[in-house]
Amino acid sequence: MVGKACEGDWEYRTDRAPVPIKITVKKFIGDDWMIACMVPKGNMMHCMVREAEGTLKQIKYNTTDKELPVEIMEVEGLMADFFEGGITDIKREGESLRITSGGKEMVFTLDKDKSM
């Protein structure tokens, strides 16, 4: 379950894009958490989730709407679909962060560029 150790900057590297996908997880007031995602040169996506009775419920999802470079279109579409599915769990596993959304999982690693 999401906790203080999940906060921070994370990334997902794939050969489908020339740049890593970046996310930031931040605790807000009370039981609310913000997850922001961006493929560099792409749109900013962010979700708000709320902890309730041991589970997460996505309460908000927004994205900007700018024109994308062709080299990131596919991966940005995958990320938008992932977040639109509704985040239901976030777990830290060592230097990895496992996010569950819409019945699918993605594993992000610590953003080495930010931790230096």
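Glu 11 is buried, at 4% relative accessibility; buried here means under 20% relative accessible area, exposed means over 50%, and partly exposed is in between (1.4 Å probe, protein chains only). Glu 11 forms a salt bridge with Arg 13, and the closest N and O atoms are 3.0 Å apart. A salt bridge here is a side-chain nitrogen of Lys or Arg within 4 Å of a carboxyl oxygen of Asp or Glu. Arg 13, for its part, is exposed, with a relative accessible area of 56%.

A quick word on the ground rules. This is a predicted model, where local features need pLDDT of at least 70 and side-chain atom pairs count only at pLDDT 80 or more, while totals for chains, interfaces and linings use all residues. Residues are numbered from 1 along each chain as its sequence is written, and side-chain values use heavy atoms, with hydrogens and water left out.

**Salt bridges**

Side chains of opposite charge can pair when their charged atoms come close. By the salt-bridge rule, the count here comes to eleven.

| Pair | N to O distance | Relative accessibility |
|---|---|---|
| Glu 11 and Arg 13 | 3.0 Å | Glu 11 4%; Arg 13 56% |
| Lys 22 and Asp 111 | 3.1 Å | Lys 22 21%; Asp 111 3% |
| Glu 51 and Lys 27 | 3.9 Å | Glu 51 22%; Lys 27 29% |

The side chains of Lys 22 and Asp 111 meet in a salt bridge with an N to O distance of 3.1 Å. Lys 22 sits in strand β2 and Asp 111 in the segment after β8 (104-110), so this pair ties together parts that are 89 residues apart in sequence. Lys 22 is partly exposed at 21%, whereas Asp 111 is buried at 3%.

Then there is Glu 51, which forms a salt bridge with Lys 27, with 3.9 Å between the closest N and O atoms. Glu 51 belongs to strand β4 and Lys 27 to strand β2, so the pair ties together parts 24 residues apart in sequence. Glu 51 is partly exposed at 22%, and Lys 27 counts as partly exposed at 29%.

**Strands and a hairpin**

Helices (H or I, at least four residues) and strands (E, at least two) are DSSP runs, numbered from the N terminus. Two strands pair if DSSP finds at least two bridges between them. β1 and strand β2 (residues 21-27) pair in the antiparallel sense over five bridges, and Trp 10 has Ile 23 in β2 as its bridge partner. On to the next pairing: β2 and β3 are antiparallel too, over six bridges, with Thr 24 standing opposite Ala 36 in β3. The hairpin of β2 and β3 has four residues between the strands, and in it Gly 30 takes a positive phi near 65°.

**Around Glu 7**

Glu 7 lies in the segment before β1 (8-12) and counts as buried at 18% relative accessibility. Its side chain makes a polar contact of 2.8 Å with the side chain of Lys 4. (A polar contact is a pair of N or O atoms within 3.5 Å; within protein, one must be able to donate a hydrogen and the other to accept it, and residues adjacent in sequence count only if both atoms are side-chain atoms.) A polar atom of the Glu 7 side chain also lies 3.0 Å from the backbone nitrogen of Lys 27. Leaving out residues up to four places away in sequence, Glu 7 touches Val 25, Lys 26, Lys 27 and Trp 33, where contact means heavy atoms within 4.5 Å.

**Loops worth a look**

Which phi does Lys 41 have, although it is not a glycine? A positive one, of about 75°. Lys 41 is in the loop between β3 (32-38) and β4 (44-52), and it is exposed, with a relative accessible area of 60%. Glu 53 also isn't a glycine, and has a positive phi of about 50°. Glu 53 is found in the loop between β4 and β5 (55-63) and is exposed at 84%.

Finally, Gly 85 lies in the loop between α1 (73-84) and β6 (87-93) and is partly exposed, with a relative accessible area of 42%. Gly 85 and Lys 104 are 19 residues apart in sequence, and their C-alpha atoms are 8.5 Å apart in space. Leaving aside neighbours within four places in sequence, Gly 85 is in contact with Ser 101 and Gly 102.
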